[in-house]
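Q: Can we go through this model and talk about how its chains meet? I'd like the terms spelled out as we go.

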Amino acid sequence: MSGHSVVQHFLTLRLLPALLVFSLAAERLAAEEVDVAGEQGASGLRVILLQDYNTRVVLFGATVLGLASGVTGSFTLLRKRALTGDALSHASLPGVGLAFLLAPAMGVSPKSLSVLLTGAAISGMIGAATILFIRRLPRLKEDAALGIVLSVFFGGGVAILTVVQRTAEGHAAGLDSFIYGQTAAMTSGDAFVIAVTGLLTIAVLLAARRPLTLLCFDEGFAACRGYSTFLLDLLLMACVVLITMIGLRAVGLILMIALLIIPAAAARFWTESLPRMIVIAALIGGCSGFTGALISALAPGYPSGPVIVLVCGLLFFLSFLGGTSRGVLIRSVRRRRLNDSIDREHLLRGIWELREGDACGVSEPPSPAAGAEELLKIRSWSVSLLSRQILRAAREGLVFQRSDGAVVLTDRGRIVAERLVQNHRLWELYLITHADVAAGRVDREADAIEHVLEPELIERLKKLLYSRSAAPGIPSSPHPLESATPVVSEKLDTAEGGA
Amino acid sequence: MSETAVPLSIRDLTVAWHRKPVIWDVEFDVSAGELVGIVGPNGAGKSTLLKSVMDLIPRVSGRIEIFGRPWKDQRQRVGYVPQRESVDWDFPVSVLDVVTMGLFGRIGWLRPVLKRHREAAQRALERVGMGEYADRQISQLSGGQQQRTFLARALVQEADLYLMDEPFAAVDAATEETIVEILREMRASGRTAIVIHHDLHTVPEYFDSVMMLNMRVVAQGKTEDVFTRENLERTYGGRLTLLEEATEAMRRQEKSL
Ligand SMILES: Nc1ncnc2c1ncn2[C@@H]1O[C@H](COP(=O)(O)OP(=O)(O)OP(=O)(O)O)[C@@H](O)[C@H]1O
Ligand SMILES: [Mg+2]
């Protein structure tokens, strides 16, 4: 599965539930509007000023969680194992329920977060092992393994939680908050566990960044350099399990995968360098964690998971639009620039070709010039586009406009035009002689390609074609310059008239 | 290198994917300072052979020695150029980063990449004619440039034995020339290269010896001795139907279990 479809999958599959849960909570809170508002007015300021120790710690925990998710997610996304994280987080649910049920028998408090998270980690690891096992079976593919583990473990987890909820203390424990996350339920002790685990994961991943980069880029090469791809994958999976565990409290297991994938995917819009991608992903994740937890603290009752994921989604959307490397806006600017330069090249070439015949036999040919009507005839340009291109080319010193309105190539413009015509015809010639393209069609085919020809390619074309034909220079067009020929004789007077 | 052991010696090698054997009973010796070509039809097991030399896939039987020692002791002396299609070229790294990967073994996990490492990578890039592309994003490379990048990554390792999987696949004449030149430089400095190759016309020109593989070794030896029409027919012709039918039967049986 390509990185792109994974991202799409999660944007639609996880942002929508996040939005749904969020709006359900909002509706519920709207019904109890009065008392929430009263409470909020008093505490809101304290929250924003970070006066509560507890709020501070919870915010810190959520931020570290986001940072660590960004770092881990970058590697899993590049390893194309993003879905594994989803299966692992779902697989942790039965562990939470079982840990709660079994803890008293082992003499520990079932309410302690570390006990529940240990349960989550163990069942997550069992899920991971099951995935690895199923994948080894012949005729079962990776996605089957993930689907099986995800749904079976999650189903089992929901069943166990239903049992737990029936017991009195089970109901009070609020285990269901693990599904959608609830920072309000987070104690400072919980936040401490989260922060330490998160920082530890970041440290491990950064220490192993080189082998992991090799693993993600070129598995075979990593293996032959002596890195065990099995152990590296295991390390990465262990990090995913750890992050998922500490994310259960704040984000919940359904949405945890969104925090793992979206920051990394969003970071890709900003950079083409892996270290920078990791930093940006961490920042986006950290920012989402902080903002989500803050909003959730301001408006208790909103589940924090959906809020965090919605902030994440918003940042993704902004990156998608404004990312400086692959964002939509920068890409459309680049495309506009390319189109502009293509149009300008056509303009220069058009003027040159219109006057090509005149140069014959004249010892000192005049600068090629053409009227707007001629130019409009050779290309399907609109008047406004043409005049815009003329202005632009004039600003760059390639053409100037004579008093009679004719567009004249400057010396520099003429050199550029000659090179363009040469490239165009070389390519046409190549298509005809080497690629069996019919002479009537080469003009359009060459049009599409000539603008992207690199200098080295032109050199090779020259070598290839000039060794066959006679003189170097600009070859004559292999096809009649259709509309140009009649126009030339007709319009010559006007063009030359003002000279 | 003052040793007598040959760069690569393979005895009685059989490899299977999911218990379906893909190469049988391969015996193979490579002498030092030779350019060795491996030819054979698609699915003949050429890539599998190289991978099993590097212990990337488990083997059913066989002993492989590199300069007289098992692979895991000699890893640093072997450079590998994988098939270009085996990686995602949309990965966020630059050309220089990829070449530097060849030095990770020397740099270690935590130490920073030093100037001298970057210079070594840059020199390797210049050797393959990619000096100006060091800072390019790998997604912007043409196929031939990707291949040169992989070659440069193997070159920085300064290995004694190189294993290359189709370095000439879909490259233009200029790149092919560069690669051949580098192979000859390697040979001149006493290194050995084993190259999977598909263009049969150039085999006699490029390679000192050749192995013709089609699930088993059809012929091997000096190119002028074994690269004959008859051997080619045996390698590429349908003479191995029995062997194939046997494996197919095994696969069917495996499936029905
Ligand atoms: N990962 C794999 N899992 C299962 N079977 C595989 C795997 N890789 C290769 N094979 C099988 O092993 C056989 C040999 O494959 P190999 O890639 O070695 O061929 P090759 O000679 O390199 O072919 P090509 O010229 O197409 O590269 C093929 O029949 C193929 O189906
Ligand atoms: Mg192959």
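A: First a term: a salt bridge is a side-chain nitrogen of Lys or Arg within 4 Å of a carboxyl oxygen of Asp or Glu. Three salt bridges are counted between chain B and chain A.

Q: What should I know about the model and the numbering?
A: This is a predicted model, where local features need pLDDT of at least 70, side-chain atom pairs count only at pLDDT 80 or more, and totals for chains, interfaces and linings use all residues. Residues are numbered from 1 along each chain as its sequence is written, chains are lettered from A and ligands numbered from 1 in the order in which they are written, and side-chain values use heavy atoms, with hydrogens and water left out.

Q: Which side chain does B:R153 meet in a salt bridge?
A: That of A:D218, at 2.7 Å, N to O.

Q: And by class, what is on the side of chain B that touches chain A?
A: That side has 21 nonpolar, nine polar and eight charged residues. Here Ala, Val, Leu, Ile, Met, Phe, Trp, Tyr, Cys and Pro count as nonpolar, Asp, Glu, Lys and Arg as charged, and the others, Gly among them, as polar.

Q: How many residues are in contact?
A: 38 of chain B with 29 of chain A, contact being heavy atoms within 4.5 Å.

Q: Switching to A:E272, what does it touch?
A: Leaving out residues up to four places away in sequence, A:E272 touches A:S325, A:R326, B:P92, B:V93, B:Q137 and B:S139.
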